[in-house]
Amino acid sequence: MTGKVYLVGAGPGDPELLTLKAARVLKHADVVLHDELVGKEILRLAPAHADIRNVGKRCGKKSISQEEINFLMMTLAASGLQVVRLKGGDPLIFGRIGEEIAALHKANIEFEIVPGITAALGAASTIQIPLTHRQSSHALVFLAGHTASGADPTNWRALVSLGATVVIYMPGHDYSNIARKLRSAGLSNETPCVIISRATTSEEQAFSTNVEDLADAPRLPAPTLLVIGEVLRHAGPRLSVHELGISNYWPPSTPAFASQTQSELSFSANNRGAPLVVPASCRLSRGHPALAVGGTPPPRRQRYQMSAEHRVGNKEQGI
C-alpha cells in the first residue's frame, strides 16, 4: 500500500490563520515533517500517534539537508503512511517546494498541495497595510533576500520603475546594501519602509523608517519581512502601537499598548525610525473550535428574531 504526501502551508504563525483543509489533513497525519517556525499550537492538531519531526533550521543552521527531507517523504509514503510536509506561510512561496515536487514525481509518490497564508499577507493584516492601492501601487512584488547561488538576480531599476509595493522575505540585516540598491535604481529617499518581525505571533514587532534611514534600522528577531512602498502612507487610521524606547524592546506579554492615529504614524522627519509593537489582542488565536484537536464543530449561531413592534419602529425611523 502506498501512502501520500501533503505539502501543507501552516500560515504565518497565528493558528487561526491555518486553513480548514490544512487542519483536517493534520488531524489525519501519520508523520509530520515540519519547519522550525511552525508553532506548537498547530502541531497539537496532529493525532497522538503521529511521528512529529523538526526538519527545519535551528539557530540558523540546517538540522537536515533537503535531499534527506526528500528521501524521508518518499520512504515514509512508500511504506503506506500519510505524510504531512508542513511549511511556514505558503509552501509555494520561497518554500523549496519545486525540489520536493520533482523528487516525489520522480519516485511516483502521490502528493497534494494545500496552500496557506503567506507571511506578507499576515504581516500586512496586523500592521494594517494595504499592499496595493489605487492611488499608490497597482502591483505587488515578493523578493527573496537570499538565493541559492548567493548572487542577486534582481533588476532593481526595472523593479522601481513598476511603482510596485515590494516585500522582501528574509532580508537579513544588511539594510544599508538594500537601501543603496533602491537609491541607485531611482527610488526616492522619502519612500517609506517597514520591517516586521515574527508576523502574527505574540512576539511580533515592527519598525518604521524610510529608504534614507533604512541603514540605521535595528536588528529585529528573525524571521523578518521588509515592506517598501508608498502604500505604507495609507496604513489603517487606528494602528495600535507602542514606542519601544532606547532598548528597542517591549515584552510581548505587556498588556498596555498606546493607540495612535495615522497622522501620528506618518513617515515624516519627525517620526523616522519609530519602533512599533502590534498589540497581542490584534493577532493571538482565540482557540477557535474548528482548530480543536477533537474536531468539534463550532456552535451554530442563534438567529435573532425581531419583534413586530421593533420592525414597525425601525420602519418609522427609516431604518
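**Figure 1. Pairing of strands β1 and β7.** Strand β1 (residues 4-9) pairs with β7 in the parallel sense over four bridges. Two strands count as paired if DSSP finds at least two bridges between them; strands (E, at least two residues) and helices (H or I, at least four) are DSSP runs numbered from the N terminus. Opposite valine 5 stands phenylalanine 111 of β7. The model is predicted: local features require pLDDT of at least 70 and side-chain atom pairs pLDDT 80 or more, whereas totals for chains, interfaces and linings use all residues. Residues are numbered from 1 along each chain as its sequence is written, and side-chain values use heavy atoms, with hydrogens and water left out.

**Figure 2. The open sheet containing β1 and β7.** Five strands form this sheet in the order β3-β2-β6-β1-β7, with parallel pairing. Its edge strands, β3 (51-54) and β7 (111-114), each pair on one side only. On average, neighbouring strands of the sheet are turned by 15° against each other, direction ignored. Such angles run from 0 to 180 degrees between N-to-C directions, and axes are lines fitted to C-alpha atoms, for helices over the stretch in contact.

**Figure 3. Strand β2 and its two neighbours.** Strand β2 (residues 31-34) is covered on both faces: Val31 and Leu33 on one side, and Val32 and His34 on the other, are all buried. Buried denotes under 20% relative accessible area, exposed over 50% and partly exposed in between (1.4 Å probe, protein chains only). With β3, β2 pairs in the parallel sense over four bridges, and valine 32 stands opposite isoleucine 52 in β3. Four bridges also join β2 to the parallel strand β6 (residues 82-87), where arginine 85 is the bridge partner of leucine 33.

**Figure 4. Packing of helices α3 and α4.** Helix α3 (residues 66-78) packs against helix α4 (residues 97-106) at an angle of about 45°, with the axes 10 Å apart. The two helices, α3 and α4, are therefore oblique to each other, a class left after roughly parallel (under 35 degrees), roughly antiparallel (over 145) and roughly perpendicular (65 to 115). Gln66, Ile69, Asn70, Met73 and Met74 of α3 make the contact with Glu99, Glu100, Ala103 and Leu104 of α4, where contact means heavy atoms within 4.5 Å.

**Figure 5. The protein as a whole.** Its secondary structure comes to eight helices and 13 strands. Buried residues make up 43% of the 319 residues. Of the contacts with a separation of 6 or more, 70% are between residues 24 or more positions apart.
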